[in-house]
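Thank you all for making time this morning. I would like to walk through one structure with you, slowly, and I will start at a place where two chains meet.

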Amino acid sequence: MLRQIEGSRAVAEAVALCRPEVVCAYPISPQTHIIEGVGVMVKSGRLSPCEFVNVESEFAAMSVSIGASAMGARAYTATASQGLLFMTEVVYNAAGLGLPIVMTVANRAIGAPINIWNDHSDAMSVRDSGWLQLFAETNQHALDLHIQAFRLAEELSVPVMVCMDGFVLTHAFERVDVPSQEEVDAWLPSFEPRQVLDPDNPVSIGAMVGPEAFTEVRYLAHVRQLQALVRIPELAAEFETAFGRGIGGLVSPYRLEGAETVVVALGSVLGTIKDAADALRDEGIPIGVLGITTFRPFPAEAIAEALEGARQVVVVEKAFSIGGHGILGADVSLATTGRGPSVYNVIAGLGGRPITEDSLRRMMLQGIERSLPPLSFLDLDSGLVERELDRMESERRSGPSAENLLRDVGTVPARAS
Amino acid sequence: MDDQQVKFYQVGSFAVGNRLLDGGKHTVQADRARSNSLTSGHRACQGCGEALGARYALDAAMRATEGRLIAANATGCLEVFSTPYPETSWQIPWLHSLFGNAPAIATGMAAALKVKGRSDIRVVSQAGDGGTVDIGFGCLSGMFERNDDVLFICYDNEAYMNTGVQRSGATPPAARTATTEAVGAEPGNVFGQGKNMPLLAVAHEIPYVATATVAELHDLERKVEKAMSFRGARYIHILVPCPLGWGSATSDTVRLARLACETGVFPLFEAENGEITATSKIRHQVPVEEYLRPQGRYKHLFTPTPRPEILKKIQQLADRNIARFGLLAGSDEAELVGAEGS
Ligand SMILES: Cc1ncc(C[n+]2csc(CCOP(=O)(O)OP(=O)(O)O)c2C)c(N)n1
Ligand code: SF4
Ligand SMILES: [Mg+2]
């Protein structure tokens, strides 16, 4: 059924349709509307049987999900930003134990400076944890990816993280097609756990493993991710047959025919990127876009194939490894090494900085001219940075940089001196 | 169990041996049909109080639940010595996740059982003192506050033993640990710090709280079985001497646990819904020195220079426990430790 609803609500509906049995919640913006939405459905009895557990921290939220999943219950939670970092130890643990928990991450920057707005630093910080990571481009994607996530997680016994841009998607009202309970029930079988705690058949889960087998345990986790590389496109195809929407898969190519320049990105920014690319295409410039839906496992082969024929690739991403390079950028470079294209990495949209079509157009033109540096920052106010560097140079106790910058841009009144 | 009058004592303590009791009152451990939840072959040190405590407590819980028990376990000695891959000593369904989340893991298990309508299967969660009073405290307090249907057992050996005997929030004053060495003006752990976890549990007003030791088997088993008769959050804090961390003889584990009670250092009590309902009386108060002297962690109180002023402070703490919990008042035979109704 077509409905005009908030992205968070769409996700709450999708999650409820998947009949989770234990939902754990600890509030953090911009995830709150999702868990509130699921919570009210449990409390009203619409989603039943389901236990909705209000916990004291994200660390507990993921722990409760582990306990529930190991008892054979379908478990769901959601978080963002500081919350994801607060539960990081347990995020790794869930993957290490191979428990098929599904979690929404409403992507948000990480402090300090504290910032509630969107970027991808949170999800990127746990990219090596062993979770599958799917990125939604629109609210319809977010809704559909959640339904696929439960099936994928449970088939492979691996936890799945569905990432959606905080506020940009979670708080946007858009038209979405919400499937019926019958449709989802027909597509998603009930949870048949690979390992379960059962008094009639006692097992020990989470035993200590030393050097004699640790590598193999980790390698098996890698193998399961490689299996996901095969299974994800198959599931997307099955999903399309059942629901009539071709959403999901590893990558989503856009106007790649004959494209000499390709922009690669994750998440909602793809919409603006496609608009900017359309405008250039109209001017006869062969440019295309490659959206990455599955970031972990990393679809290196699918990306390399999609970029076959491109002379230059611009990777736009909302996170970076400070002191190093872009994260998606590095992965894409590796995937295309020896296969031709020059890869330029552009960091954009940190802490909610708007990524405008104008700026993207300028970036694309520079990419086409091959005049972009290997790593650059979109719309960086270099004057602001220079002034702070000067202050730090001239004065030992220059004070907190964040506050100095705000004073400089006029958000905080200048010090009376 | 009903009270049983017992007239004579021959066991060198005030505990009553199985031989003196009616058959129906024998301990779970004395029953050949006990479940051996934590079975032999594990890697605990000789004389490990924690291994004893876990076996006693879980076998009693197994009997109380007719074998329908699931356990969550925090990181620590109990986890490490019981499950070196690919072996396990656990004969019950058991899950280890992390050091600080055992109470929340159990909450998830209980929630799953509730949603599946499996009220026959019960959940215990267990940790050392560090996993309970320090790193697991937030999750434990949350589990208590929500009154989740979990029995949480703390095996208190008064330090982080698994990592090599470092101080925890349950380490007593003056005790030497690797991070409170017996050097300087205030050797060992300082006075005036630490958490009284059993009383913190009582303050959460959960259905049942009890303290116990590995010296009083009847008492420990009775408390576990009683805990399993309640629904909601329950807490049992068991003192489990650790020969390695305490610097004590491996044969002294049970004796030290008993002395901890008889000196007043470790009061035994029960509480229901925030009110203390029972205490185990001390028949003859033993001076703390008898408890401290056999323990290497207190060696600096006796040699090379005796430190009577520190002993005095520890004695005062024991006396305070005795006064606070009324441990000496009106003791009579029916209230003897281990003789039921205690
Ligand atoms: C987050 C985290 N911090 C520290 C450790 C290291 N660690 C493992 S067990 C342990 C001590 C356990 O002490 P306690 O809970 O008292 O149990 P015991 O070994 O004494 O029985 C520590 C510090 C860890 N595993 N995880
Ligand atoms: S160090 Fe202590 S608690 Fe750990 S196994 Fe040895 S005796 Fe038991
Ligand atoms: Mg300890």
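If you look at I205 of chain A, you will find it standing opposite L95(B), which belongs to strand β2(B). This is a predicted model, so please take everything I say today as a reading of a prediction. The strand on the chain A side is β9, residues 204–205, and two bridges join it to β2(B), with the two strands running parallel.

Nine strands form an open sheet, and the order is β9(A)-β2(B)-β1(B)-β3(B)-β4(B)-β6(B)-β5(B)-β7(B)-β8(B), with mixed pairing. The edge strands are β9 of chain A and β8 of chain B, residues 275–279, and each of these pairs on one side only. Within the sheet, strand β3 of chain B, residues 122–128, pairs with β4(B) in the parallel sense over six bridges, and there V123(B) has V150(B) in β4(B) as its bridge partner.

Let me turn to the interface as a whole. How many residues does each chain bring to the contact? Chain B gives 37 residues and chain A gives 38 residues. The size of an interface is often given as the accessible area lost when the parts come together. Here chain B and chain A bury about 2900 Å² between them, and 67% of that lies on carbon and sulfur atoms. Of the area that chain B buries against chain A, 20% is supplied by Y85(B), L98(B) and V115(B), which is more than any other three residues supply.

Twelve residue pairs are in polar contact between chain B and chain A, with both residues at pLDDT 80 or more. On the side of chain B that touches chain A, the elements that each supply at least two residues are β1 (69–73), α2 (77–82), β2 (94–96), α3 (102–115) and α5 (137–146) of chain B. The largest share of that side, ten residues, comes from α3(B), and by class its residues divide into 20 nonpolar, twelve polar and five charged.

Side chains of opposite charge can pair when their charged atoms come close. Between chain B and chain A the count is four salt bridges, and in a salt bridge between D200(A) and R68(B) the closest N and O atoms are 2.8 Å apart. Over all chains, the count comes to 47 salt bridges. For a case inside one chain, the side chains of R387(A) and D408(A) meet in a salt bridge at 2.9 Å, N to O. That pair links distant parts of the chain, with R387(A) in helix α14 (residues 382–394) and D408(A) in helix α15 (residues 401–409) of chain A, 21 residues apart.

Next, the ligands. Why do we call the site of ligand 1 shared between chains? It is shared because residues from chains A and B surround ligand 1. In total 17 residues surround this ligand, and the closest are E50(B), C77(B), G130(B), G131(B) and M161(B). A polar side-chain atom of D129(B) lies 3.0 Å from an oxygen atom of ligand 1. A polar backbone atom of G130(B) is 2.8 Å from an oxygen atom of ligand 1, and for a backbone N or O atom of M161(B) the corresponding distance to an oxygen atom of the ligand is 2.9 Å.

The residues around ligand 2 include C77(B), along with C45(B), C48(B) and C242(B). Two or more residues of this shell come from each of α2 and α8 (243–246) of chain B. By class, the shell has eight nonpolar residues, one polar residue and no charged residues.

I will finish with some backbone details. Most residues other than glycine have a negative phi, and most peptide bonds are trans. In chain A, the peptide bond from S48(A) to P49(A) is cis, with omega near 0 degrees, and P49(A) lies in the loop between α2 (32–44) and β3 (51–54). The bond from A112(A) to P113(A) is cis too, with omega near -5 degrees, and P113(A) sits in the loop between β5 (102–107) and α6 (121–125) of chain A. In chain B, N147(B) has a positive phi of about 55 degrees although it is not a glycine, and N147(B) lies in the loop between α5 and β4 (150–156) of chain B.

Methods. Residues are numbered from 1 along each chain as its sequence is written. Chains are lettered from A and ligands numbered from 1 in the order in which they are written. This is a predicted model: local features need pLDDT of at least 70, side-chain atom pairs count only at pLDDT 80 or more; totals for chains, interfaces and linings use all residues. Side-chain values use heavy atoms; hydrogens and water are left out. Contact means heavy atoms within 4.5 Å. Buried area is the accessible area (1.4 Å probe) that two parts lose on being put together, summed over both. A polar contact is a pair of N or O atoms within 3.5 Å; within protein, one must be able to donate a hydrogen and the other to accept it, and residues adjacent in sequence count only if both atoms are side-chain atoms. Helices (H or I, at least four residues) and strands (E, at least two) are DSSP runs, numbered from the N terminus. Ala, Val, Leu, Ile, Met, Phe, Trp, Tyr, Cys and Pro count as nonpolar, Asp, Glu, Lys and Arg as charged, and the others, Gly among them, as polar. Two strands pair if DSSP finds at least two bridges between them. A residue is near a molecule or strand if one of its heavy atoms lies within 4 Å of it.
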